[in-house]
Amino acid sequence: MPSPFPLLLNFPDEILIRLRRYLTDDSDSRSWRLVCKDFYRVDLISRTTLRVRRIEFLSSLIAKFEAIDELDLSICPRINDGTVSIFLGLGFSRLRSLILSRSSGLSYMGLERVMRACTGLEMVDMSYSWGFGDREAAAVSNCAELKEVRLDKCLGVTDVGLARIVVGCGRLERLSLKWCLQVSDLGVELLCKKCFDLRVLDLSYLKVTNESLRAVASLPKLEVLIMVGCLSVDDLGLQYLEHGCPSLKELDISRCDGIRPYGLTSVLRGHDGLEQLDASYCFSELSTDSLYWLKNLKCLKAIRLDGTQLSSAFFDVISVHGKYLVELGLSKCNGVTDANIIQLITRCIGLKVLNLTCCHSITDAAISSMAGSCQKLMSLKLESCNMITERSLYRLGLYCSLLEELDLTDCCGVNDKGLECLSKCSQLLSLKLGLCTNITDTGLIKIARNCKRIYELDLYRCLGIGDAGLEALSTGCKRLTKLNLSYCNKVTDRGIECVGQLEELCSLEIRGLQNVTSVGLTAVAFGCKRLVDLDMKQCQNVDDSGFWALGSYARNLRQLNVGCCGVSDVGLCMMMGNLSCLQDAKLVTLNKVSVRGFELALRACCLRVKKVKLHASLRFMLSSEILEILNAWGCKIRWD
């Protein structure tokens, strides 16, 4: 049979590889592989990243994809010292990036073997590995070529472990220490003395003081400094930055309670090349001095001031001097009015991202004017802007053809007519309509017919949505990966069976759907093979047969909430034993499950599950043996 693409097949591999790299969506990549054998071969030789769900398949995958330089093992259910031996002899010297986040079972001995095998490694991510401490940090330091290290929420790392990394990895350019609560000023000071090439540094939520900022100010190449929630830092620390960090382009000081407008003024005065600034929830109001120096930021592209009292002077400054502004965050800001927004957008016509969450004074006048002026807008958040009506959505549909993200949560003025107007935004990727009680299947059908690229849809407590709307979604929005139907009480098994036709679906929330039974859940389990996150709390009419289907077909599930469901001992044990990728399970208030049933279910999954949420009464009923086993395998138990 002749090839349907004879011209493309005459192209050399170099051209086909370049074409293949333009495909960033997973579904598009799968379609490419299915075209013909040559396209499949090009995919094998051109793919550079690999995300593995099951460690037992790693050997065959590495042998198949020869160009892999980034390996992601973060979603493997259990990585430990024993599994490490599977891939040590696979020629990993070519790897440049290795993601081992949430690998709580990997000790310093196994990690050291990995680091020594990956001699060319430039990036390693150990974030959220609760067992990662100083010895593991010492193992990481064996990779002298590392340029990026991520240690978010590695609670066991202290100044000693950080010192081992900075001494062994002197070429570091990017380092994230977010939530590493045992790292102090001493560790940060040593970091700044050894790693002069640092360009990105995240110190969020650390208990560091102004002394750390004194050290950070000495970094000549630092471009991005993130220090969210550093409560012990105040204006003096920002004064150190005024005369340091000559290359600084992005600064995030959000939720730093000790910082006042005077400290912000110091930074603005010393860094007129700043491109992004986030000072959300820092102070109640901007000072006159801060506004004066804000005018000098000629390169400013993004500013977020969530939770701040804003005066008309601020909008005067931004509208005149913010000609390069593409992102503006004003969530929960007092003083935001229609007049201010209209003044702003007449000059800042290049805006692409605007957040007006909980700006309750905003009406159709501001949004309509903005739609006409900011036609490059891609993201708009209007949660709880209750005076928005179909008039605003008409203007958005008419002028904002590039809009990809829209949040209308709790906008009670949104109705079916508004959704019909909005459906003209055919590029929409994310739409949030939670608590919009005036929309029905009629409006949802319009969206489904015209917005075929949507991958995220939130319909939380949309009481007018039923089976007909979901049927339209199943045929029109095939790319949906995230769907929230919680408390949409009109939805029945028929609607959930339609959801089961969404083959790309990864995350589904169906809390409190009393009309859904095991019939609907079975359809989802069988049809949505890519499902990784399922929240079905309070689906009380789902019995063991539904959970049996989950255990048999939904083998990729990683997060599961079955609280207040009708499962029994048999159904729970079977499901927990079969879900080989499960990492996080919420099992609260399962009245038909006995203590012995919980024991058996936890034994069935103890080697792979990382988080379990149980009712507090079980703390004294479960045997000490099972609790010790879970703890030994790195499972965190949360008692409700």
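Guide: R494 counts as partly exposed, because its relative accessibility is 43%. Here buried means under 20% relative accessible area, exposed means over 50%, and partly exposed is what lies in between, using a 1.4 Å probe and protein chains only. The model is predicted, so local features need pLDDT of at least 70 and side-chain atom pairs count only at pLDDT 80 or more, while totals for chains, interfaces and linings use all residues. Residues are numbered from 1 along each chain as its sequence is written, and side-chain values use heavy atoms, with hydrogens and water left out.

R494 has a partner. Side chains of opposite charge can pair when their charged atoms come close. E471 and R494 form a salt bridge, with 2.9 Å between the closest N and O atoms. This pair links distant parts of the chain, as E471 sits in helix α21 and R494 in helix α22, 23 residues apart. Helices (H or I, at least four residues) and strands (E, at least two) are DSSP runs numbered from the N terminus. E471 is also partly exposed, at 38% relative accessibility.

A salt bridge requires a side-chain nitrogen of Lys or Arg within 4 Å of a carboxyl oxygen of Asp or Glu. By this rule there are 20 salt bridges.

Ring centres of Phe, Tyr and Trp (its six-membered ring) must lie within 6.5 Å to pair; planes under 30 degrees apart are stacked, over 60 edge-to-face, and the rest tilted. Five aromatic pairs are found in the structure. Y460 and Y487 make an edge-to-face pair, 5.9 Å centre to centre with 90° between the planes. Y460 lies in the loop between β17 (456-458) and α21 (467-476), and Y487 in the loop between β18 (482-484) and α22 (493-499), so the pair links parts of the chain 27 residues apart. Y487 is buried at 14% relative accessibility, whereas Y460 is partly exposed at 27%. F526 and Y553 form another edge-to-face pair, 5.2 Å centre to centre and again with 90° between the planes. Here F526 in helix α23 (residues 518-527) is linked to Y553 in helix α24 (residues 544-553), 27 residues apart. Y553 is partly exposed, with 36% relative accessibility.

For context, an unreviewed UniProt entry places "domain: F-box/LRR-repeat protein 15-like leucin rich repeat" at residues 298-474 and 476-619. UniProt positions follow the numbering used here, feature names are shortened, and annotations may be inferred rather than shown by experiment. Residues 476-619 are 34% helix and 13% strand, with end C-alpha atoms 47 Å apart. For residues 298-474 the figures are 36% helix, 12% strand and 48 Å between the end C-alpha atoms.

Further along, R603 and E625 form a salt bridge with closest N and O atoms 3.1 Å apart. R603 is in helix α26 (residues 595-605) and E625 in helix α27 (residues 624-632), so this bridge ties together parts 22 residues apart in sequence. R603 is partly exposed at 35%, as is E625 at 43%.

E148 is buried, with a relative accessible area of 15%, and R174 is partly exposed at 39%. Both belong to a salt-bridge network together with D125 and R150.
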